[in-house]
Each structure stands twice: as C-alpha cells, then as structure tokens.
Amino acid sequence: MAKSIDVSDLNIYYGSFLAVEGVSMFIEPKSVTAFIGPSGCGKSTVLRTLNRMHEVIPGARVQGKVLLDGEDIYGSAVDPVNVRRTIGMVFQRPNPFPTMSIYDNVVAGLRLAGRQPRAKLDAIVEKALRGANLWNEVKDRLKKPGASLSGGQQQRLCIARAIAVEPQVLLMDEPCSALDPISTLAIEDLIQDLKGKYTIVIVTHNMQQAARVSDRTGFFNLSAVGKPGRLVEMDDTQRIFSNPTDKRTEDYITGRFG
Amino acid sequence: MTENPPSPGATIGAAGSAHVGASTLSGGPSLISGASVRRGDRVFRGLSVAASASVLAIMAAIAAFLVSEAIPALAKNDANFLTETKWFPDPSTPGGPVIFGIASLAIDTLVSSLVAMAVAVPVAIGIALFTAYYAPRRLARPLAYLVDLLAAVPSIVYGLWGFFFFKNHLGGLVLWLDRWFGWTGLFHYRPSALPGNQSLFTAGLVLAIMILPIISAISREVFVQVPRQNIEAALALGATRWEMVRISVLPFGRAGVTSASILGLGRALGETLAVALILTQVYDINLHITENGGITFASNIALKIGEAENTGTGALIASGLVLFVITLAVNSVAQLLIRRSNVEA
Ligand SMILES: Nc1ncnc2c1ncn2[C@@H]1O[C@H](COP(=O)(O)OP(=O)(O)OP(=O)(O)O)[C@@H](O)[C@H]1O
Ligand SMILES: [Mg+2]
C-alpha cells in the first residue's frame with residue numbers, strides 16, 4: 001500500500017540557517033523519484049524532512065506541510081516514531097547495527113513493533129533478504145555479524161532491514177555512492193523490483209542512474225554558497241534529460257554547470 | 001566496523017604494557033637515511049627501556065619487601081590464615097597463641113563492595129544516559145560537569161558525611177528491607193530491635209555514592225561517542241529514544257561501562273577511612289548485611305596499624321597482599337570481559 005507524498009512550501013532550517021526554501025512537489029505512489037543537483041543544494045536535507053529525520057539534529061526545524069496520502073506528518077498529534085515506521089530510509093554509508101547478526105539486523109525494526117513468533121520472523125527475514133537480492137549470499141551465515149559483510153552487501157542488508165517492516169515509502173540517500181558497479185547494478189535492479197510495492201525517493205549524483213531508475217526527477221540548485229537551496233524543477237525523467245524547461249537544469253545535466 | 005571507544009580499561013593494564021615501547025621500535029634501517037634519525041630512535045629506545053625496567057624493578061622490590069615481611073608472621077600463625085575470622089596477631093601474654101585470618105575481612109570487603117556496585121552501576125548508567133541522550137542541552141552540560149566534580153571529592157569527605165549524616169537517615173529504608181526481604185537471607189527482621197545503621201549495608205551505600213561519579217563520568221564519555229550513523233540507523237527504523245539507546249548506544253558502550261564499573265569496584269575494595277568510620281568492627285561472618293558490624297581489609301589495616309607489634313605488622317601486610325591479589329583478579333576478569341565483548345562487536 002504505497003502512499004503519495006505532497007510537499008508544499010517547505011522551508012528547512014539548521015538553527016537560524018535557512019538551508020532549503022520554498023519546496024513544493026507531488027510524488028505519486030509506486031513511482032521512483034530522483035533528486036539531483038550540485039553538492040550542498042539540500043537534497044539530503046529535503047529527503048530527511050520526508051520521514052522527520054531532519055529534526056533529530058539539534059536545532060533543526062521545518063516549516064510547511066508534508067502530506068502522506070493527505071495526512072500531515074508534521075501535524076501536532078503525529079508521533080515522529082510512527083512516521084519513521086511508515087517511511088523507511090537507507091543512508092549513504094551502510095549502517096548495519098554492528099553488534100547484531102545479519103538475522104537480527106533484518107528483524108530489528110519488527111522487534112521494535114513488538115514480539116513476534118520465530119517462524120514468522122524466519123519467513124520475513126528470507127523474504128526481505130530475497131527482496132534485497134542478498135539471500136543467496138548470506139543464507140548460510142545468518143548468525144554472523146552484519147559488519148562481517150562487504151560494503152555492498154551491508155548496503156543491501158540495510159535495504160532488507162528497511163523493507164522488512166513493509167514501509168509505504170522508501171527514501172534512499174545516495175545508496176550506491178560507496179559501491180562498485182556490480183553492487184550498484186544489483187541495487188538499481190532492486191529499485192525496479194521494489195517500485196511495484198513502494199513509493200521510492202532516491203538522491204543520486206549519478207545522472208545515468210537517475211535516468212535509468214526514476215520516473216520523475218527533481219533538480220535542486222542554490223544560487224550561491226550560503227543561500228538556501230531550491231527545487232528548480234521537477235518533471236518526468238525523460239523530459240528532464242531530453243528537454244528541460246529551465247536553462248539551469250539543462251546546464252547541469254549537460255555538464256555546463258557553474 | 002565501529003572503532004572501539006578509547007577504552008578506560010586500557011589504563012587498568014597500563015603498568016603491564018610499559019615494555020611495549022621497547023620492542024616496537026626495533027625496526028630496520030629507515031629510508032629517510034640520516035644518522036640523526038637513527039640516533040633519535042636509539043635514544044628513545046634507551047629511555048623507554050630504562051623507564052620500563054625501573055618500573056618493574058620498583059614493583060619487584062615492593063613485592064619482595066611485602067612478602068618478606070608477611071612470611072614470618074604467617075609462619076607464626078596458629079590459626080588458618082584463610083579461614084580464621086578473628087584478628088589477634090600479637091599474643092597478650094608472651095608465648096600465647098597467635099590467631100589471625102582473613103575470612104571475615106574478605107567476605108565483608110566483598111559484600112560491602114557488591115552492595116556498592118549493585119546500587120552504583122545502574123544509577124551511574126542512568127545518569128550517564130540521561131546527561132548524554134535525554135536531558136535538554138541547557139541542563140545536560142552543568143549536570144555532566146557536576147558529576148565530574150563529584151568524582152574529584154576526596155573519599156574522606158564522603159566518609160564524614162556518611163558517618164555524621166547519611167547513616168542516621170537510613171532507618172526507614174533498612175526497616176523496610178528487613179521486613180520485606182528477610183527471605184533473601186540478607187536481611188533480618190527483629191521487631192523489637194532498632195535497625196542497624198553501622199552495617200555493611202550502610203558502608204556499601206556510602207561506597208556507592210563515592211564510586212558513582214567516576215562510573216557515571218566515564219560511561220557518559222563512552223556514550224557520547226556512539227557514531228551518529230548508528231543512532232540514526234535506529235531512529236530511522238522508528239525506534240523511540242529508549243529503543244535507540246537499547247539497540248545502538250548500550251551495545252556500543254558495553255566495554256567502556258564494564259571498565260568504568262571495574263574502576264569503581266577497585267576503589268570500593270580499597271576504600272579505607274570512610275568504611276573504617278562507619279563500621280563497628282566485628283570480626284565475624286554475618287550475612288545479614290543490615291546488622292551492625294563488619295570489618296574490611298583496608299579498614300582493618302587502618303585501625304590496627306597503630307597498635308600492631310612485630311607479628312601484627314606482618315599479619316596486616318599479609319592481608320594487604322591478599323587484597324592486592326583480589327584486586328588483580330577482578331581487573332583480569334574485567335579485561336577478559338572487555339576483550340570478549342570487543343571481539344563480538
Ligand atoms: N547537520 C547540519 N548542520 C548544519 N548545516 C547543515 C547540516 N547538514 C547540512 N547542512 C547544510 O545544509 C545545506 C544542504 O546540505 P545537504 O546535506 O542537504 O546537501 P546535499 O544536496 O545533500 O549535498 P551532497 O550532494 O553533498 O550530499 C548545506 O549548506 C549544508 O552545509
Ligand atoms: Mg547529501
């Protein structure tokens with residue numbers, strides 16, 4: 001049950017520093033949306049406001065609305081813990097729990113939700129690891145520490161951990177930036193598979209990747225260092241990469257940036 | 001993999017690793033060829049060898065002296081040093097029996113220290129977690145500073161406070177424990193008697209307050225070093241604050257908290273004056289920890305050293321050696337625990 005995301009007039013602050021200004025966008029359920037743009041323009045910052053992870057940084061705050069299927073996740077009665085259980089996140093650097101086994105990493109989110117019968121957990125672990133394209137590599141060593149895997153495997157473990165709780169939206173912040181081309185391809189394939197069930201938002205610096213995996217692309221930019229970042233335009237990926245509306249988008253994707 | 005926090009446990013073994021400097025510097029010729037570099041190496045190596053050798057020599061000399069003082073007294077002992085509870089090393093009449101043993105000292109030392117640990121460790125971890133992850137930042141900073149400050153207060157101050165104030169306000173708690181937890185065998189309810197306030201339990205509580213700041217301060221240092229990404233991993237899964245602490249912070253801090261606790265235990269085992277002030281010296285084994293009495297290794301030495309004659313001095317030294325061995329054993333176990341939890345991590 002993927003959900004849509006509707007962002008309107010979002011201003012995002014770190015303390016008194018306005019990092020991102022005036023973002024409005026609509027993200028369809030069961031679609032892949034890519035965020036692209038130069039370093040420091042606020043892609044990660046925007047992504048982290050979509051599951052209320054922005055506010056865990058001291059002094060960080062948000063103005064504006066983010067509606068998940070019409071419900072404001074910043075509403076006063078909303079518990080951020082529930083938001084994060086609904087909207088999963090994969091980080092740039094793989095971050096499995098270092099003291100937990102592969103198995104325990106995958107079920108960590110489920111265990112938060114309450115005790116579950118062993119047989120059910122076993123089934124979920126296999127499903128999530130298959131979903132993350134990791135099952136065949138680890139099925140014989142589920143009790144080994146998650147940190148014993150390679151970087152690419154760890155990242156897929158983190159994806160398995162995120163999808164094990166069946167979130168409605170999956171946010172990915174440069175999930176392939178620390179990976180080799182083969183692991184990257186595995187994760188791109190995975191994103192194509194996951195699209196059937198989840199709404200996916202991915203930040204990437206890799207234009208080809210954005211073009212390959214996403215349905216829609218949003219281009220972020222900032223006019224100068226210290227100025228807030230803005231969403232320049234958001235459109236069908238095909239159109240952004242062939243015939244963007246804004247001159248700055250064209251300059252960026254053709255490499256004439258700066 | 002996470003880096004391990006600079007483990008406070010390392011300082012416990014510092015004396016043992018003093019010789020490392022000598023062996024690691026004996027590499028082959030340097031590529032930056034130059035006599036001065038090699039001369040520097042030689043000088044440094046000479047200095048570190050000399051330093052470690054002198055430390056070892058001093059330690060050996062101290063040990064030799066203590067053992068040579070203890071042996072004659074042990075030889076004269078008419079009782080079993082390990083199982084005897086009484087302490088009469090200097091016979092009242094010439095040629096009378098020499099009786100002394102550590103049974104009561106050892107048990108009372110361990111009991112008071114265990115009471116201290118049972119109270120101090122959970123509270124210290126709670127304070128450390130509160131200052132690191134719960135308190136608003138305006139409050140966290142002064143609170144952490146205050147705890148650090150408490151760690152620097154000399155133990156005699158805690159002893160005086162325990163003796164003149166704290167012990168007189170424990171009656172209610174002791175009565176309650178005696179009444180409802182007598183079945184554990186540790187407490188003893190006698191409706192007619194006043195609850196004891198100069199017991200191992202009282203001493204343990206004062207010790208707990210003494211060792212709490214150091215355990216808390218070190219634990220906090222470890223807790224704030226948990227990598228941001230481990231914390232965010234938990235939060236992004238929908239962990240509450242406490243769940244985040246449980247799955248990210250505590251596993252990361254386990255080794256550090258263990259070393260901090262052992263450091264505290266070391267203090268509790270060796271604490272002298274505060275305990276000597278509080279306990280009414282009774283050379284007996286009484287597992288009812290809220291009844292008056294008790295005598296520990298260190299407090300026994302402090303109280304008996306003045307009146308000790310020949311055998312008495314040797315006997316006290318022998319008991320000191322036992323305390324030393326116990327402390328060493330506790331530290332070794334702690335090192336093992338820490339190493340094992342590091343390997344798991
Ligand atoms: N924790 C923080 N505290 C203060 N300012 C921050 C923090 N994180 C990011 N910023 C600032 O917010 C702005 C946007 O940063 P953000 O990380 O969102 O950029 P980005 O587009 O993800 O860049 P990159 O492509 O390099 O990851 C930058 O000016 C950055 O300096
Ligand atoms: Mg980023």
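Student: What makes the largest nonpolar core, with its 56 residues, a core?

Tutor: A nonpolar core is a set of buried Ala, Val, Leu, Ile, Met, Phe, Trp, Tyr and Cys residues joined through side-chain atoms within 4.5 Å. Buried, in turn, means under 20% relative accessible area, with exposed over 50% and partly exposed in between (1.4 Å probe, protein chains only). The members that touch the most others are Trp87(B), Phe100(B), Leu105(B), Phe201(B), Ile211(B), Ile215(B) and Phe297(B). Those residue types are on the list, so they qualify on that count.

Tutor: Keep in mind that this is a predicted model: local features need pLDDT of at least 70, side-chain atom pairs count only at pLDDT 80 or more, and totals for chains, interfaces and linings use all residues. Residues are numbered from 1 along each chain as written, chains are lettered from A and ligands numbered from 1 in the order written, and side-chain values use heavy atoms, with hydrogens and water left out.

Student: Which element gives the largest share of this core?

Tutor: H8(B), with 13 residues. Helices here are DSSP runs (H or I, at least four residues; strands are E, at least two), numbered from the N terminus.

Student: What is Leu105(B) in contact with, leaving aside its neighbours within four places in sequence?

Tutor: Its partners include Trp87(B), Tyr283(B), Ile295(B) and Phe297(B). Contact means heavy atoms within 4.5 Å. There's also a second, separate core of 52 residues, and that one includes Val7(A), Ile27(A), Val201(A) and Val249(B).

Student: Moving to the two chains, why is the pair Arg85(A) and Glu243(B) called a salt bridge?

Tutor: The term asks for a side-chain nitrogen of Lys or Arg within 4 Å of a carboxyl oxygen of Asp or Glu. Here the closest N and O atoms are 3.3 Å apart, so the pair passes. Between chain B and chain A the count is two salt bridges.

Student: How much area is buried between chain B and chain A?

Tutor: About 1,900 Å², with carbon and sulfur atoms giving 63%. That is the accessible area (1.4 Å probe) the two parts lose on being put together, summed over both. The contact takes 21 residues from chain B and 23 residues from chain A.
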